[in-house]
Amino acid sequence: MKSMTGFGKSEEESSLGRIVIEARAENHRFLDVNFQCPDTISPIESDLAQIVKKSIVRGKVRVTIAAESSRNKLTVINTSLAKESLKTLENLKRELGIEEETKLHHLLMIKEFFSSEVKPAANKEDYSRIKEALTRAIENLDGTRVSEGKKLERDLRQRIGKVEKLIEQVRRRRKNNTKEVQVKLKERLRKLLEDTPIDETRLYQEAALLAERSDITEEIVRLKAHIGKFKEILKKEGSIGRELDFLLQEMNREAGTISAKSKDAEISHFIIEFRSELEKMREQVQNVE
């Protein structure tokens with residue numbers, strides 16, 4: 001089991017200077033990979049995305065690639081062009097009879113005077129080194145996801161064990177509850193038959209129908225099957241988050257049916273605790289790949 005959240009970093013020397021790669025992953029329904037990198041690295045972005053996809057199936061992955069050569073660029077001023085432009089400007093003022101003094105901020109408004117240092121282009125060796133560095137960064141990221149995934153698995157195993165015990169308590173209570181209901185029903189029938197003439201056959205039919213409507217045996221059986229399947233999936237490798245989430249939804253639905261059918265206060269309390277555990281498990285499963 002892997003978590004969808006994690007962080008990995010790696011560094012590599014290249015003709016572009018030191019390359020620093022940071023990869024962050026967080027929860028997401030599908031796989032979403034985004035890169036932030038200098039223009040000179042953009043041509044191999046699709047190759048880099050394939051490296052990420054080899055290790056990560058689900059989650060939002062943000063990869064930042066920074067090269068020293070792309071930082072702190074000095075601004076270069078074309079002084080020859082500025083001098084020529086100043087002469088042209090002075091000639092224009094004389095011809096047009098403009099007496100206003102030419103100041104520095106007038107020249108600073110001409111953006112053609114300024115440029116940045118030319119960025120070095122990456123070569124094949126640089127691309128190869130960047131790919132290797134990204135592979136290491138993703139391996140480190142995957143390591144944190146595995147570590148976090150083990151914690152999630154321990155927590156989910158504990159909680160599914162607690163949920164299983166709660167269902168067993170519901171089953172036992174239901175067994176005792178059925179006997180209690182039968183006793184109460186017989187007592188009511190005895191009182192009714194004593195005071196009022198009544199169709200006993202019809203009355204027993206209604207009683208049987210009522211018992212059938214409140215029967216939660218099927219829901220308990222299905223819940224046990226879902227719990228067994230949940231434990232089985234926890235042992236699997238790969239992307240299991242969606243399967244676990246689906247089973248939790250099914251368990252919650254069965255618990256809701258039991259709550260609606262059962263009129264017993266003790267069973268209702270078990271179900272409230274049961275659904276509370278399911279909600280905590282669902283929050284954890286949202287982090288599972």
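Q: Which residues does Phe7 touch, not counting residues up to four places away in sequence?
A: Contact means heavy atoms within 4.5 Å. By that rule, Phe7 touches Glu22, Ala23, Arg24, Asn140, Leu141 and Thr144. Please note that this is a predicted model, in which local features need pLDDT of at least 70, side-chain atom pairs count only at pLDDT 80 or more, and totals for chains, interfaces and linings use all residues. Residues are numbered from 1 along each chain as its sequence is written, and side-chain values use heavy atoms, with hydrogens and water left out.

Q: Where is Phe7 placed, and how far is its C-alpha atom from that of Gly143?
A: Helices (H or I, at least four residues) and strands (E, at least two) are DSSP runs, numbered from the N terminus. Phe7 lies in strand E1, which covers residues 6-14. Along the chain, Phe7 and Gly143 are 136 residues apart, while 8.7 Å separates their C-alpha atoms.

Q: Does Phe7 count as buried, partly exposed or exposed?
A: Buried means under 20% relative accessible area, exposed over 50%, and partly exposed in between (1.4 Å probe, protein chains only). Phe7 counts as partly exposed because its relative accessibility is 35%.

Q: How is Arg136 to be read by these rules, and what does Arg136 touch?
A: Arg136 is found in helix H4. Its relative accessibility is 31%, so Arg136 counts as partly exposed. Leaving out residues up to four places away in sequence, Arg136 touches Ser10, Glu11 and Glu12. Between Arg136 and Glu11 there are 125 residues of separation in sequence and 8.9 Å in space, C-alpha to C-alpha.

Q: Is Ala82 buried or exposed?
A: Ala82, in helix H2 (residues 79-96), counts as buried because its relative accessibility is 16%. Ala82 and Phe113 are 31 residues apart in sequence, and their C-alpha atoms are 6.3 Å apart.

Q: What is the pattern of the protein along the sequence?
A: The secondary structure comes to eight helices and six strands. Read along the sequence, the pattern is β-β-β-α-β-β-α-α-β-α-α-α-α-α.

Q: What percentage of the residues count as buried, and what share of the contacts joins residues 24 or more positions apart?
A: The protein has 289 residues, of which 34% count as buried. Among contacts with a separation of 6 or more, 80% are between residues 24 or more positions apart.

Q: How many residues are in the largest nonpolar core?
A: A nonpolar core is a set of buried Ala, Val, Leu, Ile, Met, Phe, Trp, Tyr and Cys residues joined through side-chain atoms within 4.5 Å. Here the largest one has 30 residues, and those with the most contacts inside it are Met1, Leu156, Phe230, Leu244, Met251, Phe274 and Met281. Two or more residues each come from helix H4 (124-195), helix H6 (217-234), helix H7 (241-261) and helix H8 (265-285). A second, separate core has 27 residues, including Ile44, Ile51, Val63 and Ile130.

Q: Which residues are in contact with Phe274, leaving aside its neighbours within four places in sequence?
A: Phe274 is in contact with Val163, Leu166, Ile167, Leu223, Met251 and Ala255.

Q: How do H6 and H7 pack?
A: Two packed helices are described by the angle between their axes and the distance between the axes. Axes are lines fitted to C-alpha atoms, for helices over the stretch in contact, and angles run from 0 to 180 degrees between N-to-C directions. For H6 and H7 the angle is about 160 degrees, and the axes are 10 Å apart. H6 is therefore roughly antiparallel to H7 (angles under 35 degrees count as roughly parallel, over 145 as roughly antiparallel, 65 to 115 as roughly perpendicular and the rest as oblique).

Q: Where is His226 found, and which residues are in contact with His226?
A: His226 is found in helix H6 and counts as buried because its relative accessibility is 15%. Leaving aside neighbours within four places in sequence, His226 is in contact with Leu247, Glu250, Met251 and Glu254.

Q: At what angle do the axes of H7 and H8 cross?
A: These axes cross at roughly 165 degrees and come within 10 Å. H7 is therefore roughly antiparallel to H8.
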